[in-house]
Amino acid sequence: MSVINHPAHYNNHPSRIEAIDIIENFNFCLGNAFKYIFRYQLKGGSEDLNKALWYLERQVSNSPLNVFTPDEKLLDKAEDLIIAERNIDLKTVYKNIFSYQFEGSHPKVIWESIEILRKIERKVREKEKQTD
């Protein structure tokens, strides 16, 4: 794998889906949030989760949502990613982001995801402190 074109932190998900295949279809804030959630375990830890939180909060506070109907290929990738995700909380976050972007779900699904990610971030930060 190329560290430039296909870095491990963007394509080591159990689904074998590369992050760019999903985020290139999202608006800016949701795409960045997804990217940071997707890679936090392999790259940025709690810092990446905080960046994801920032983008999600900005999305529901300031950014317009351009809902679109994804093609079959993108829907399949989203479904594969959700099925392969082992963490039930992340599975919920991914489902929420997809339903918000593709179906125009109420912003409450993003607020729910923000609460879930805050809980995950606290756990990750505690682990990071123990290893410092």
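Predicted model: local features only at pLDDT ≥ 70, side-chain atom pairs only at ≥ 80, totals over all residues.
I will start with helix packing. Two packed helices are described by the angle between their axes and the distance between the axes. I will give both for each pair.

Take α3 and α4 to begin with. Helix α3 covers residues 28-39, and helix α4 covers residues 45-62. Their axes come within 8 Å and cross at roughly 160°. An angle over 145° counts as roughly antiparallel, so that is how α3 runs relative to α4. The crossing of this pair is left-handed. On the α3 side, the contact is made by F28, C29, L30, N32, A33, Y36, I37 and R39. On the α4 side, the residues are D48, K51, A52, Y55, L56, R58 and Q59. Sorted by class, this contact between α3 and α4 has nine nonpolar, two polar and four charged residues.

Next, α3 with α6. Helix α6 spans 88-103. Here the axes come within 12 Å, and the crossing angle is roughly 165°. The two helices are therefore roughly antiparallel to each other, and α3 and α6 also cross in a left-handed way. From α3, the residues in the contact are L30, F34, I37 and F38. They meet L90, V93, Y94, I97, F98, Y100 and Q101 of α6.

The last pair is α6 and α7, where helix α7 is residues 108-131. The axes of α6 and α7 come within 9 Å and cross at roughly 155°. That makes α6 roughly antiparallel to α7, and the crossing is left-handed. The α6 residues in the contact are D89, L90, T92, V93, N96, I97, S99 and Y100. Those of α7 are V109, I110, E112, S113, I116, L117, K119 and I120. By class, the contact of α6 with α7 has nine nonpolar, four polar and three charged residues.

Now the pocket. The second largest pocket has a volume of about 150 Å³. Its lining consists of P70, E72, L75, D76, A78, E79, I82, K95, F98, S99, F102 and E103. Which helix gives the most to this lining? That is α5, with six residues. Helix α5 is 72-84, and both α5 and α6 supply at least two residues each. The lining has six nonpolar, one polar and five charged residues.

How values were computed
Residues numbered from 1 in each chain as written. Heavy atoms only, no water. 1 Å grid on protein atoms, 1.4 Å probe; cavity = no way out; pocket = protein on both sides within 12 Å on 5 of 7 lines; lining within 4 Å. Points joined across faces, edges and corners; volume = space filled by probe spheres on them. Helix = DSSP H or I, 4+ residues; strand = E, 2+ residues; numbered from the N terminus. Nonpolar A, V, L, I, M, F, W, Y, C, P; charged D, E, K, R; others polar. Axes fitted to C-alpha atoms, helices over the stretch in contact; angles between N-to-C directions. Parallel < 35°, antiparallel > 145°, perpendicular 65-115°, else oblique. Left-handed = near helix turned anticlockwise from the far one by under 90°. Contact = heavy atoms within 4.5 Å.
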